[in-house]
Amino acid sequence: EDGVDNSGVAKDKLYSTPEEVWQVYEQLAPISEKFTIAAAFGNVHGVYKPGNVVLRPELLGEFQRFAGKILQRGKPLNFVFHGGSGSEKE
């Protein structure tokens, strides 16, 4: 993104994993209960050829379930979104 060539990177490496999101939670939770996590679910900066970017919002539910199981409560994570689908308006 932003001029970085990701063409040789496996597509699954372009998305956050539940373990990565949990690691962020573990690092920030001791500081404050009020924070947001910017997990990657296919959101990007810049414009890409159609079909190169696949939004996978279902990953956000997976992240919530993963953390919720550990913390024994539903939907404990707060997300912030930035970027977009990478597609032009046309």
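Select Ser 16 together with Ala 40 in this predicted model, and you will find the side chain of Ser 16 reaching the backbone nitrogen of Ala 40 at a distance of 2.8 Å. Ser 16 itself belongs to the segment that precedes α1, the helix spanning 18–28.

Keep Ser 16 selected and look at its surroundings: once the neighbours within four places in sequence are left aside, the residues in contact with Ser 16 are Val 21, Ala 39, Ala 40 and Phe 63. Is Ser 16 buried or exposed? With a relative accessible area of 16%, Ser 16 counts as buried, because that value falls under the 20% cut-off for the term.

Next, move to the segment after α2, the helix that covers 58–71, and select Gln 72, which lies there. Most residues other than glycine have a negative phi. A surface display will show Gln 72 as exposed, its relative accessible area being 68%.

Finally, select Lys 75, which is also found in the segment after α2. Lys 75 is exposed, with a relative accessible area of 67%, a value over the 50% that the term requires.

Terms used:
Residues numbered from 1 in each chain as written. Predicted model: local features only at pLDDT ≥ 70, side-chain atom pairs only at ≥ 80, totals over all residues. Heavy atoms only, no water. Helix = DSSP H or I, 4+ residues; strand = E, 2+ residues; numbered from the N terminus. Buried < 20%, exposed > 50% of the residue type's maximum accessible area, 1.4 Å probe, protein only. Polar contact = N/O pair within 3.5 Å; in protein donor to acceptor, adjacent residues only side chain to side chain. Contact = heavy atoms within 4.5 Å.
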